[in-house]
Amino acid sequence: MNVDQALASSERIWEQEILPALERYIRIPNKSPSFDPDWVKTGHMEKAVQLISDWCRAQTAHLPGLTVEVVRLKTADGKDRTPVIYMEVPGTRADDTVLLYGHLDKQPEMTGWREGLTPWTPVREGDKLYGRGGADDGYSAFASLSALRLLKEQNVPHARCAIVIEACEESGSYDLPAYIEALAPRIGKPSLVVCLDSGCANYDQLWMTTSLRGMVAGNLRVDILTEGVHSGDATGVVASSMRIMRQLLSRVEDEATGHIKVKELHTEIPEGRRQQAKAAAETLGEELSSKFPWVEGARPVTTDGTELVLNRTWRPALALTGVDGVPGLASAGNVLRPFTTWKLSMRIPPRVDPKVASKALKETLEKDPPYGAKVSFDGDKASVGWDAPPLAGWLSRAVESASKSCFGKSAMAMGEGGTIPFMGMLGERFPEAQFLITGLLGPGSNAHGPNEFLHIPTGKKLTAAVASVVADHFKR
């Protein structure tokens, strides 16, 4: 593949076709079903599916033989599953398959967007396109087909390609297994899986994700009274539900260090991953922590870069992401509240069974409740992590070549702290496949949070890099 020509074409396609489509996509509040239970009725998901599938169908002018189908399944009790866009592009040879993956559902709005920005209004400022879902992961369908266009323009051979774009990833991909089962005969047995739903630790080179954490999430509720009472009358007699909550959380997490005390949530970190973390830390230096929007004077949990990488990739960690039972400040009277509920999000390392982790977490939190309070932990998500298989020599060389030719620097590899349930599913179903898990969620892009942006130059280079790897896959 002529890289200069591919980069020039990618520049043109992004500016003239992808970015205008992404701007229309950002305007659609197609929140994942966990955040929009009435998604069928609201119709936003359908609008996003139609926008992306229509754009993809228009690519038949550049990719002869391309097929685009919106697949719709139902649950056993007749409810609609979130749809999947399934595409196929014929290859020079039909006995080998590359599977490309992305998703189109979005996280909710989140507060804190700076002045001039909102989640559902696309704003381009220089190299950045702001708005919810552009980088996570709306660009993936566009970039996947565009990468294949770059090869077609130069008559570069490639294997048959299947593309799956789901609409449930931000809810744990609970609909996806049914689709993978239904589409399995059509997908075949891929020898390479390309996923564009991950991140990059900087925008200077191609980053390859080698592991992903899983997640256990749920609501921890503490009830101590049947109704709120005068705080002057009750405090000192009735323990507050918040104090009980603090005690329960201390069973799980060391509040001084963040260390998770539940042994079932840990795993042995492979030595190879430790060495990979050290190399990434040496490359990134202060970028490991400086990318976050710290308040003045705040600092990371440690100054050891290797430990920071391992903390966010191979160790469990707890976040409290929501609260109920607590009034806003304007309506906070002198009342001892009857209950407190926290949403717990526990990231778990690769190789930890989420069902085992969820059970251990529930038992730890619910046993022997302080003061005889009513304590319940209701898990609503349990996603498995993923650890990449040993990297084949051809893929190692292909990724290095793509990074140097498209970005001008050597490729890097590192685990990611987020969860992509699809990877665990594929790892089990296709144990012999190789994986290129990458993406453009880099420093400051803030997926799931306020001010999410897509770094446009990285998108253009990443599209050409994927094309290069798919071409090398054919030649291996």
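Which residue of β16 is the bridge partner of Trp207? I looked this up first, and in β16 the partner of Trp207 is Met412; strands and helices here are DSSP runs, of at least two residues (E) for a strand and at least four (H or I) for a helix, numbered from the N terminus.

**Ground rules.** I note that this is a predicted model, in which local features need pLDDT of at least 70 and side-chain atom pairs count only at pLDDT 80 or more, while totals for chains, interfaces and linings use all residues. Residues are numbered from 1 along each chain as its sequence is written, and side-chain values use heavy atoms, with hydrogens and water left out.

**The sheet with β8.** I followed Trp207 into its strand, β8 (residues 207-212), which runs parallel to β16 and is joined to β16 by four bridges; two strands count as paired if DSSP finds at least two bridges between them. These strands belong to an open sheet of three, in the order β15-β8-β16, with mixed pairing. At the edges I found β15 (386-387) and β16 (412-416), each of which pairs on one side only. Helix α8 (residues 271-284) packs on this sheet and touches β8, β15 and β16, and the direction of α8 makes about 110° with that of β16. Contact here means heavy atoms within 4.5 Å, and the angle, on a scale from 0 to 180 degrees, is taken between N-to-C directions of axes fitted to C-alpha atoms, for helices over the stretch in contact.

**Domains.** I then looked at the division of the protein, which gives domain 1 (3-212 + 385-475) and domain 2 (214-284 + 302-383), with bounds that come from an automatic or database domain assignment. The centres of domain 1 and domain 2, taken over C-alpha atoms, are separated by 32 Å. Across the boundary, 25 residues of domain 1 are in contact with 17 residues of domain 2.

**Strand β7.** Is β7 (residues 192-195) covered on one face or on both? I found both faces covered, with Leu192 and Val194 buried on one side and Val193 and Cys195 buried on the other. Buried means under 20% relative accessible area, exposed means over 50%, and partly exposed lies in between, with a 1.4 Å probe and protein chains only. Side chains in a regular strand alternate between the two faces of the sheet. Strand β3 (residues 93-103) is joined to β7 by four bridges and runs parallel to it, and Val98 stands opposite Leu192. Strand β17 (residues 434-437) is also joined to β7 by four bridges in parallel, and there Phe435 stands opposite Val193.

**Cysteines.** I counted zero disulfides, a disulfide being a pair of cysteine sulfur atoms within 2.5 Å. Cys56 is in no disulfide, and its nearest cysteine sulfur, that of Cys161, is 13 Å away; Cys56 is buried, with a relative accessible area of 0%. Cys195 is likewise in no disulfide, with the sulfur of Cys200 nearest at 13 Å, and Cys195 counts as buried at 0% relative accessibility.

**Core.** Which residues touch the most other members of the largest nonpolar core? In this core of 72 residues they are Leu22 and Leu104; such a core is a set of buried Ala, Val, Leu, Ile, Met, Phe, Trp, Tyr and Cys residues joined through side-chain atoms within 4.5 Å. Residues up to four places away in sequence aside, Leu22 touches Trp14, Leu129, Gly134, Gly138, Tyr139, Phe142 and Leu454.

**Backbone notes.** I found a cis peptide bond between Asp136 and Asp137, with omega about 15°, and Asp137 lies in helix α4 (residues 134-153). Asn155, in the loop between α4 and β6 (159-166), has a positive phi of about 55° although it is not a glycine, and Asn155 is exposed, with a relative accessible area of 65%. Arg351 is not a glycine either, yet has a positive phi of about 75°; its place is in the loop between β13 (339-348) and α11 (354-366), and Arg351 is exposed at 56% relative accessible area.

**Pro316.** My last entry is Pro316, in the loop between α10 (305-311) and β11 (317-324), which counts as buried at 7% relative accessibility. Leaving out residues up to four places away in sequence, Pro316 touches several residues, including Arg213, Ile260, Met346 and Pro349.
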